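Look through the sequence and the model first, then read the points below.

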Amino acid sequence: MNVDPGRPIQLVLPLLAGRNVTLRSFRSDDAPMIQEASEDDLIPTITSVPTDNSEEAALAFIERQHERLHTRTGYSFAIADENYVAVGQIGLWLEHENHGRASVGYWIRPSARKRGYAADAIFALVGWARSLQQLHRLELYVEPWNEGSWRAAERAGFEREGLLRSWRQVGGVHRDMFVYSLITK
Ligand SMILES: CC(C)(COP(=O)(O)OP(=O)(O)OC[C@H]1O[C@@H](n2cnc3c(N)ncnc32)[C@H](O)[C@@H]1OP(=O)(O)O)[C@@H](O)C(=O)NCCC(=O)NCCS
């Protein structure tokens, strides 16, 4: 086999066990869960989940999650419940890996919210991310109104650092964001 020495080695997605969730690779039978997320008011606006709620668009989304490993963009996990059924997504994104930083993003399908899945998934991700030698800081950004999100992050050990004014455009509007971080070593 010819190996190109200049080509970065692709990432390998681990299987992570949380208290009530498992973080695993996306599978094609997760498509209905993606289709439900497509109908959420917020998820398609802040993620790459398509607004098109067709099965075809959902399968293309799943394929893109696998490609994140090849491109070293980051680790995209399906959050699975006690029955291994997907209830959401959590990602560890490596855009600023060379500075020792990674960002965390997540969502839970509307029908599975307020059961502790987000907090549990963030906690499981953080536990594993601590073992990644190159990372020293995890960060995430949350709009102040999104109490469910920042409470889940705080429960998993993230600390609020401040308010970033007009930090990001969401739905065509420049929004303030809380910045949260967790120092891993
Ligand atoms: C934000 C989101 C991920 C929370 O997921 P979840 O699985 O319902 O969250 P959890 O059940 O783990 O709840 C964590 C905490 O937040 C609280 N919480 C959850 N939803 C809440 C809400 N809408 N309002 C106020 N508090 C809420 C829970 O009671 C819990 O509090 P506790 O730690 O005091 O017990 C989910 O609502 C979602 O996917 N929203 C749309 C996408 C999104 O906002 N992603 C995050 C972008 S930064």
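The helix α5 gives six residues to the shell around the ligand, the largest share. Helices (H or I, at least four residues) and strands (E, at least two) are DSSP runs, numbered from the N terminus. The model is predicted: local features need pLDDT of at least 70, side-chain atom pairs count only at pLDDT 80 or more, and totals for chains, interfaces and linings use all residues. Residues are numbered from 1 along each chain as its sequence is written, and side-chain values use heavy atoms, without hydrogens and water.

**Ligand**
- The ligand is surrounded by 21 residues, and the closest are I108, K114, G116, N146 and R155; a residue counts as near if one of its heavy atoms lies within 4 Å.
- An oxygen atom of the ligand is 2.8 Å from an N or O atom in the side chain of R151.
- A polar backbone atom of A119 is 3.0 Å from an oxygen atom of the ligand.
- Two or more shell residues come from each of α2 (43–46), β5 (101–108), α4 (117–129) and α5 (147–155).

**Nonpolar cores**
- The largest nonpolar core has 41 residues, and L23, Y75, I90, L92 and F158 have the most contacts inside it.
- Such a core is a set of buried (under 20% relative accessible area, 1.4 Å probe, protein chains only) Ala, Val, Leu, Ile, Met, Phe, Trp, Tyr and Cys residues joined through side-chain atoms within 4.5 Å.
- A second, separate core has 13 residues, including A37, A58, A86 and W107.

Notes. Polar contact = N/O pair within 3.5 Å; in protein donor to acceptor, adjacent residues only side chain to side chain. Buried < 20%, exposed > 50% of the residue type's maximum accessible area, 1.4 Å probe, protein only.
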